[in-house]
Amino acid sequence: MSEAENIERVVTALQKVPEKKLLIIELANRVKIINGQLDYAEMLNLAPEINLATKEAEVYGSNTIRMVDALVRVRAKGEK
C-alpha cells in the first residue's frame, strides 16, 4: 500500500471519530473572572464537577498521546 493510500485511510478513520466536547472547557467558560482572577468561591462550589472534568481531560489527553504514538509507529514501520 502506498503512502498516499495510508494517509487516505488515516484521514477516513479520523473523520469517523465523533466530536468530543470536554467538560473542563464548559466549566472554564462558566466560572466568572473577577479582577483578572477566577472566582475561587465559585470554583469551590464546583469542585466535584471540576475533579470529574479534570479526570476526563486527562484520559482524553492520554488516549490522544497513545493514538499519535500508534500513528508514528505505523509510519516508521512503513519506512523500513
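**Exercise 1.** Is Lys32 buried or exposed?

*Solution.* The model is predicted. Step 1: the relative accessible area of Lys32 is 51%. Step 2: a residue counts as exposed over 50%. Step 3: Lys32 is therefore exposed.

**Exercise 2.** Find the salt-bridge partner of Lys32 and compare the accessibility class of the two residues.

*Solution.* Step 1: Lys32 forms a salt bridge with Glu42, and their closest N and O atoms are 3.9 Å apart. Step 2: this pair links distant parts of the chain, with Glu42 in helix α3 and Lys32 in the loop between α2 and β1 (33–34), 10 residues apart. Step 3: Glu42 has a relative accessible area of 16% and is buried, because buried means under 20%. Lys32, at 51%, is exposed. Step 4: with neighbours within four places in sequence left aside, Glu42 is in contact with Arg30, Val31 and Lys32.

**Exercise 3.** Describe the salt bridge of Lys20 and place its two ends in the chain.

*Solution.* Step 1: Lys20 pairs with Glu56, at 3.1 Å from N to O. Step 2: Lys20 is in the loop between α1 and α2 (23–30), while Glu56 is in helix α4, 36 residues apart. Step 3: Lys20 has a relative accessible area of 43% and is partly exposed; Glu56 is also partly exposed, at 24%. Step 4: the structure holds six salt bridges.

**Exercise 4.** Which element gives the largest share of the lining of the second largest pocket?

*Solution.* Step 1: the lining includes Val10, Leu14, Lys20, Tyr60 and Val68. Step 3: the largest share, five residues, comes from α4. Step 4: by class, the lining has nine nonpolar, one polar and two charged residues. Step 5: about 290 Å³ of space lies in this pocket.

Technical notes. Residues numbered from 1 in each chain as written. Predicted model: local features only at pLDDT ≥ 70, side-chain atom pairs only at ≥ 80, totals over all residues. Heavy atoms only, no water. 1 Å grid on protein atoms, 1.4 Å probe; cavity = no way out; pocket = protein on both sides within 12 Å on 5 of 7 lines; lining within 4 Å. Points joined across faces, edges and corners; volume = space filled by probe spheres on them. Helix = DSSP H or I, 4+ residues; strand = E, 2+ residues; numbered from the N terminus. Nonpolar A, V, L, I, M, F, W, Y, C, P; charged D, E, K, R; others polar. Buried < 20%, exposed > 50% of the residue type's maximum accessible area, 1.4 Å probe, protein only. Contact = heavy atoms within 4.5 Å. Salt bridge = Lys/Arg side-chain N within 4 Å of Asp/Glu carboxyl O.
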